[in-house]
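Keep the structure open as you read.

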Amino acid sequence: MSTATLPGEGSVSVRLWLDRGEDGGRKDGMTIRRAEVATRRPRAVAALVGRKAEEAVRLAPLLFSLCGSAQGLAVARACEAALGIDATPHETARALLTDAEALDSHGWQAVVEWPARLGAPPRPAALRDLRAAVSAIMPALYPAKDGLRPGGGVLRPDTATLQDILVRITGWLETTVFAGPPPRDADDLARWAAGGGSDAARLAARLLSPDLAGWSACGAPLLIERSPLWYAAALSGDPSFAATPRYKDAPALTGPLERQVDHPLVVSVTERFGDGLARLFAARLADLAELPRRMEAAIADLRPVDPAAAGSTGPGEGCGVAETARGRLAHWLRLDGDGRLADARMVAPTDWNFAAGGPLARGLAGAAVRDRDDAVERVRLLVAMLDPCVACGIEVHE
């Protein structure tokens, strides 16, 4: 049974085998005996090979339909590492750009994917104000919109405009997602969910139900590694790493839970419900609540900066890492003597979270379901919490 169209640009496929009754170890309902997850993602990064560094950075956001700023920034950082460019003074502005992009991605989930999980119509028009605010950040930082070039652009922050943008973003979150202040702990989350003031709150009410809150414990370690040197060694040393990434010889989870595991809301929900859907959703809510606070701190730290000069013209190699809403992204590349990319590799959050034997597969194996339809809907909930960058198809076998 297929439940999603799988587009040509890539897909995640989930195949489930269910056992019924006592044969599956349960006297009622069913159990997911086996779950197979496969990711098919054409390596668009190969299109960067043969390009000059600045051209590769311009092209990267066009090659990937989602997280374009993070993609361009990761490639820019990789080029800077290969060319000996120190763009550290631009990092505060760059973090502001990727945080805004992550907020936009979370916002899309809140008004499109989360309503779908409730059987409600998606509301993409509700994104208009948020996206208008997010798109105004780049020119408010870099008037020439050149912030993603290697070495950074001409950074001339318009603090007043940026503060106004932040007010608009915060207001959108308070109105559209939280319908008030964000929940602070498990008790607050339950009260907020019961109020049903937004699609997010209504989805929280569903995920806090006893049969779902602790369902699908992923059991994968968190991908806490952030060092570009670690990703450089992994990607350059093994061409197959991107297809089967491993952290300490095991699959790992990246994304909101890894970033917010110590957030008071996530800690409280974990203590009450353990690992499972409620914990993953609490981490997404915490991420949404923290993004404006990080952006406010970044705006306060901004200073005018000129582009950094290159230390060399190649050859060389380097790796760049960037955060996205879905998790950590890394690009590694090698420049030839002409300063063109001789090789390029990347590992994206979907490669981690939807790896064979990774977090999704681990969360599904052995999980209890009522029937085939219930199995499909629960898988959709878990997929929504892990949020792949491509469509997901589900097949169920008994």
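Thr31 stands opposite Ala368 in β6. The strands involved are β2 (residues 30-40) and β6, which run antiparallel and are joined by two bridges. Two strands count as paired if DSSP finds at least two bridges between them. Strands (E, at least two residues) and helices (H or I, at least four) are DSSP runs, numbered from the N terminus. The model is predicted: local features need pLDDT of at least 70, side-chain atom pairs count only at pLDDT 80 or more, and totals for chains, interfaces and linings use all residues. Residues are numbered from 1 along each chain as its sequence is written, and side-chain values use heavy atoms, with hydrogens and water left out.

Now widen the view to the sheet. Four strands form an open sheet in the order β6-β2-β1-β7, with mixed pairing. β6 (368-369) and β7 (391-397) stand at the edges with a single partner strand each, so one side of each has no neighbour in the sheet. Strands of a sheet pair through backbone hydrogen bonds, either parallel or antiparallel.

A hairpin comes next. β4 (residues 327-335) and β5 run antiparallel, joined by six bridges. Trp332 stands opposite Arg345 in β5. Five residues lie between the two strands of the hairpin, and Gly339 in the turn has a positive phi of about 80 degrees.

How many of the seven residues of β5 are buried? Six are, so to speak of cover, the strand is mostly covered by the definition of buried: under 20% relative accessible area, with exposed over 50% and partly exposed in between (1.4 Å probe, protein chains only). In α1 (residues 53-63), the buried residues are Ala53, Ala56, Val57, Leu59 and Ala60. An α-helix has 3.6 residues a turn, so residues three or four places apart point the same way.

Another helix, α11 (residues 264-273), holds Leu265. Leu265 counts as buried because its relative accessibility is 1%. Contact means heavy atoms within 4.5 Å. Leaving aside neighbours within four places in sequence, Leu265 is in contact with Pro183, Arg184, Asp185, Ala186, Leu189, Ala282, Leu285 and Ala286. Ala355 is 90 residues from Leu265 in sequence, and the two are 28 Å apart in space, C-alpha to C-alpha.

The loop between α9 (228-237) and α10 (256-260) contains Lys248. Its phi is near 55 degrees, a positive value in a residue other than glycine. Lys248 counts as exposed, because its relative accessibility is 66%. Asp249 lies in the loop between α9 and α10. Asp249 is not a glycine, yet has a positive phi of about 65 degrees. With a relative accessible area of 77%, Asp249 is exposed.

Finally, the whole chain. The protein chain has 15 helices and seven strands. Its C-alpha trace spans about 70 × 45 × 35 Å along the principal axes. Of its 398 residues, 55% count as buried. Residues 24 or more positions apart account for 71% of the contacts with a separation of 6 or more.
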